[in-house]
Amino acid sequence: MTTYGTIPTSSSPSTNLEFLSRAKHRIKEGLGTRRPWKLMFNFRSFGLPGGVSDAFSRIRTNIAFFQMNYAIVVLLVLFLSLLWHPISLIVFVVLMAAWLFLYFLRDEPLVIFGRLISDRIVLVIMAVLTVVLLLLTGATVNILVALLVGVVLVVVHAAFRRTDDLFFDEEEATRLTPPGAPAS
């Protein structure tokens, strides 16, 4: 039997390359929701809110619009705070890799010793492990302060960044419009 002219296909594709390809695709997909930094820091778009309700409305809209950018800012602040705690930084990087492979980028259910482990169990175990290991590094106050600084930066930016020049697609606009309010 000849196979001349046919394209060979493998019945068992390389799972490592397939996994890396899927991971790369998911990371690009996630970063695809990141908005341009020039739009986020357009200085002509900053101004004082008209009141508390306007500030809360701006915060809600900006957080929905710049969600990925804000996550990057908070993670960057956390990373920078750990530069002076090398052990904590190493633990943080290892834990982030574990989170990526065990929770965020996993397509198939986790099976250990023939038992199916649910996503909820993986989430609880990884959260407890993260908290315990970071507490053991002795940088707890540093981590909490960094998270507080990151959240304050996000809230201040979101409150002072006007939302009149932001363009949402239809799905985002319906998600952000409160029930009973006219859609614009």
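Of the contacts in this protein with a separation of 6 or more, 81% come from residues 24 or more positions apart, where contact means heavy atoms within 4.5 Å. This is a predicted model, in which local features need pLDDT of at least 70 and side-chain atom pairs count only at pLDDT 80 or more, while totals for chains, interfaces and linings use all residues. Residues are numbered from 1 along each chain as its sequence is written, and side-chain values use heavy atoms, with hydrogens and water left out.

**Overall layout**

- The protein has eight helices and two strands; these are DSSP runs numbered from the N terminus, with helices being H or I of at least four residues and strands E of at least two.
- Reading from the N terminus, the order is α-α-α-α-α-β-β-α-α-α.
- Of the 184 residues in the protein, 26% are buried. Here, buried means under 20% relative accessible area, exposed means over 50%, and partly exposed is in between, using a 1.4 Å probe and protein chains only.

- Searching the whole structure turns up one salt bridge, defined as a side-chain nitrogen of Lys or Arg within 4 Å of a carboxyl oxygen of Asp or Glu.
- The partners are Asp-54 and Arg-58, with 3.6 Å from N to O.
- Both sit in helix α3 (residues 52-65), and because they are four residues apart, about one helical turn separates them.

**How α3 meets α7**

- Helix α7 (residues 140-160) packs against α3 at an angle of about 110°, with the axes 7 Å apart. Axes are lines fitted to C-alpha atoms, for helices over the stretch in contact, and angles run from 0 to 180 degrees between N-to-C directions.
- That angle makes α3 roughly perpendicular to α7; the scheme is under 35 degrees for roughly parallel, over 145 for roughly antiparallel, 65 to 115 for roughly perpendicular, and oblique for the rest.
- On the α3 side, the contact uses Ala-55, Arg-58, Ile-59, Asn-62 and Ile-63. On the α7 side, the residues include Val-154, His-157 and Phe-160.
- The crossing of α3 and α7 is right-handed. A crossing gets that label if the near helix is turned clockwise from the far one by less than a right angle, and left-handed if anticlockwise.

**How α4 meets α7**

- Helix α4 (residues 67-81) also packs on α7, at about 150° and with axes 9 Å apart.
- α4 and α7 are therefore roughly antiparallel to each other, and their crossing is right-handed.
- From α4, the residues in contact are Tyr-70, Val-74, Val-77, Leu-78 and Ser-81. Their α7 partners include Asn-142, Ala-146, Gly-150, Val-154 and His-157.

- Rings of Phe, Tyr and Trp (its six-membered ring) pair if their centres lie within 6.5 Å, with planes under 30 degrees apart counted as stacked, over 60 as edge-to-face and the rest as tilted.
- One of them joins Phe-65 and Phe-66 edge-to-face, at 5.0 Å centre to centre and 85° between the planes.

**Other spots to look at**

- Gly-47 lies in the loop between α2 (37-40) and α3. Its C-alpha atom is 5.4 Å from that of Phe-160, although the two are 113 residues apart along the chain.
- Not counting residues up to four places away in sequence, Gly-47 touches Arg-58, Ala-159, Phe-160 and Arg-162.
- Ser-88, in helix α5 (residues 86-104), is buried at 1% relative accessibility. Beyond residues up to four places away in sequence, Ser-88 touches Leu-82, Leu-134, Thr-137 and Ala-139.
- Phe-113 is in the loop between β1 (110-112) and β2 (115-117) and is exposed at 85%. Phe-113 has a positive phi of about 50° although it is not a glycine.
- Leu-116 lies in strand β2 and is exposed at 61% relative accessibility. Leaving aside neighbours within four places in sequence, Leu-116 contacts Pro-109, Leu-110 and Val-111.
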